[in-house]
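Please look at the protein shown below, and then follow a few questions and answers about its parts.

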Amino acid sequence: MSRLFITKPLQKLFAEAADTEKGLKRALTRTNLIALGIGAIIGAGIFVLTGQAAAQYSGPAVVISFVIAAIACGFAGLCYAEFASMIPIAGSAYTYAYATLGEFIAWVIGWDLILEYLFGASTVAVGWSGYVTSFLKDIGIHIPEYLANAPVKYDPATHQLVASGALLNLPAMFIIALMTTLLVIGIKESARFNNMIVFVKLLVIFLVIGFGIHYIVPENYHPFIPPNEGTWGIYGWSGVFRAAGVIFFAYIGFDAVSTAAQEAKNPQKDMPWGILGSLLICTLLYIAMGFVMTGMVNYTKLNVADPVAVAVNAAGPSLFWLRFPVKIGAIAGLSSVILVMLMGQPRIFYSMANDGLLPRSFSKLHPRFRTPYITTIITGLVAMLVSGVFPIGLLGELVSIGTLLAFTIVSAGILILRRSKPHLHRPFKTPGYPVVPSLGILFPFLVMLTLPFDTWLRLILWMALGLDIFYLYSQHHSHVVRDMETRPGRHFTIEALPVVLVTLVLLIMSFFSPEKWVLYAAIIQILICLYVLIRLRHEIHISQPAVVSEEKS
């Protein structure tokens with residue numbers, strides 16, 4: 001058990017961070033980091049979620065919901081900022097967990113981050129495809145539906161994938177390929193491209209706010225908090241808090257800045273600015289956009305896929321010219337999110353491979369560009385396949401719960417490291433310890449509890465698959481374990497069989513209703529007991545020769 005929770009020495013992490021010759025190229029400034037954060041955060045959230053949350057849950061009080069969600073994200077953001085300034089390594093939450101909670105938890109969070117970055121990029125690419133297809137249609141270019149949609153659809157009622165009649169989502173695959181190529185060429189070039197995209201979408205947002213504020217109808221703000229309709233979460237103060245839970249996902253992405261810590265020129269000072277600065281700027285923009293949109297049009301009319309366009313249309317012919325820039329802004333916004341998500345995932349793989357938890361080839365850098373080109377290409381190819389084949393609804397659910405789990409573990413890491421290593425140099429310290437880290441654990445976990453049962457099931461299945469890889473490969477190639485005097489034995493069959501059985505049982509369970517889970521939970525418990533018994537017997541068998549040799553001596 002102690003081997004599972006062995007931590008990576010901080011001195012080793014500091015040495016890796018100081019190695020500028022063999023490591024990643026340090027080229028990012030404070031401005032680049034803030035732009036990366038804005039690029040990752042502002043996407044579909046500001047163009048879609050703002051209106052839908054107001055229409056369904058909170059009314060014009062969506063501005064209060066944004067403040068609540070920002071405070072909740074801020075708790076986790078402060079914890080990320082402390083870690084990123086103290087341990088400026090590319091692994092983000094994975095590295096922080098390795099330094100505080102141990103190798104097993106680090107593997108869990110590293111595997112979990114694939115849901116956020118790789119699947120996140122795929123999800124946004126599918127949304128990008130929809131916007132681009134609509135935009136091209138407006139200018140007379142038609143892409144056949146069978147080439148712009150996934151070949152399967154997800155039916156939440158039956159929990160099954162059904163054929164859609166389409167072939168592939170080629171626009172989604174195209175944008176993934178384009179961004180992957182850019183990331184292979186270099187981080188500096190990628191940052192410049194991201195800066196341009198961020199400028200475009202910020203310009204569009206300022207245009208909507210600047211011109212839209214002159215078309216606000218004060219009557220649309222009454223009532224500011226619509227009376228509750230008798231159901232929790234449908235308007236009233238409960239609706240404000242429920243909208244905050246929905247809007248929480250509009251802030252997801254600021255943590256992606258931490259994956260670029262090893263490429264920042266001055267990470268100790270600039271990483272907190274990149275994480276917290278981008279979060280603050282986006283919060284102000286979200287509040288301003290929510291205020292203007294609900295003032296331009298009654299909140300009940302914003303439950304559509306393009307609420308910003310609905311608000312602009314409500315202003316009349318005088319603002320029709322703004323509809324075209326709004327679509328450009330939405331496309332640009334989604335493009336930068338894809339770029340930053342695809343940037344984050346290879347760097348997680350890079351750090352895991354440096355620790356021996358993944359094959360060594362995953363840590364190779366391009367001889368000219370000094371980017372993790374192998375993992376970038378692999379990430380791009382998998383993301384292309386996922387975005388081209390699967391629908392957006394199924395992908396989006398996985399991204400949310402994976403990110404929230406990362407927030408919870410990072411906040412817990414601050415609590416542990418403050419107690420275990422109180423004298424470490426911390427260029428940035430999370431204020432309000434231990435209250436802020438504790439709230440950083442509580443808020444994301446509460447939001448996780450509001451997610452559907454099916455989402456939790458898929459998370460369990462994903463983690464079960466990750467544990468198979470950990471027991472079969474990672475724990476036997478870990479560099480930290482290699483440096484120990486006692487190394488784990490290579491009895492793959494004994495260690496992996498129970499884990500594989502659990503994975504198969506969970507897979508079977510996914511096809512049945514929740515009412516039958518009591519029986520299957522009992523089966524899992526039996527398998528775990530068998531697993532423990534097998535491991536104990538195996539350890540006793542290994543220890544017997546050592547005991548016999550001692551007796552002979």
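Predicted model: local features only at pLDDT ≥ 70, side-chain atom pairs only at ≥ 80, totals over all residues.

Residues are numbered from 1 along each chain as its sequence is written, and side-chain values use heavy atoms, with hydrogens and water left out.

User: Is threonine 100 buried or exposed?
Analyst: Threonine 100 belongs to helix α5, residues 93-100, where helices are DSSP runs of H or I with at least four residues, numbered from the N terminus. Buried means under 20% relative accessible area, exposed over 50% and partly exposed in between, using a 1.4 Å probe and protein chains only. Because its relative accessible area is 10%, threonine 100 is buried.

User: How far is isoleucine 216 from alanine 311 in space, C-alpha to C-alpha?
Analyst: Isoleucine 216 sits in the loop between α8 and α9 (236-247), and its 21% relative accessibility makes isoleucine 216 partly exposed. Although isoleucine 216 and alanine 311 are 95 residues apart in sequence, their C-alpha atoms are apart in space by 9.9 Å.

User: What is the relative accessible area of phenylalanine 445?
Analyst: Phenylalanine 445 is found in helix α15, which covers residues 435-449. Phenylalanine 445 counts as partly exposed, because its relative accessible area is 38%.

Key: Helix = DSSP H or I, 4+ residues; strand = E, 2+ residues; numbered from the N terminus.
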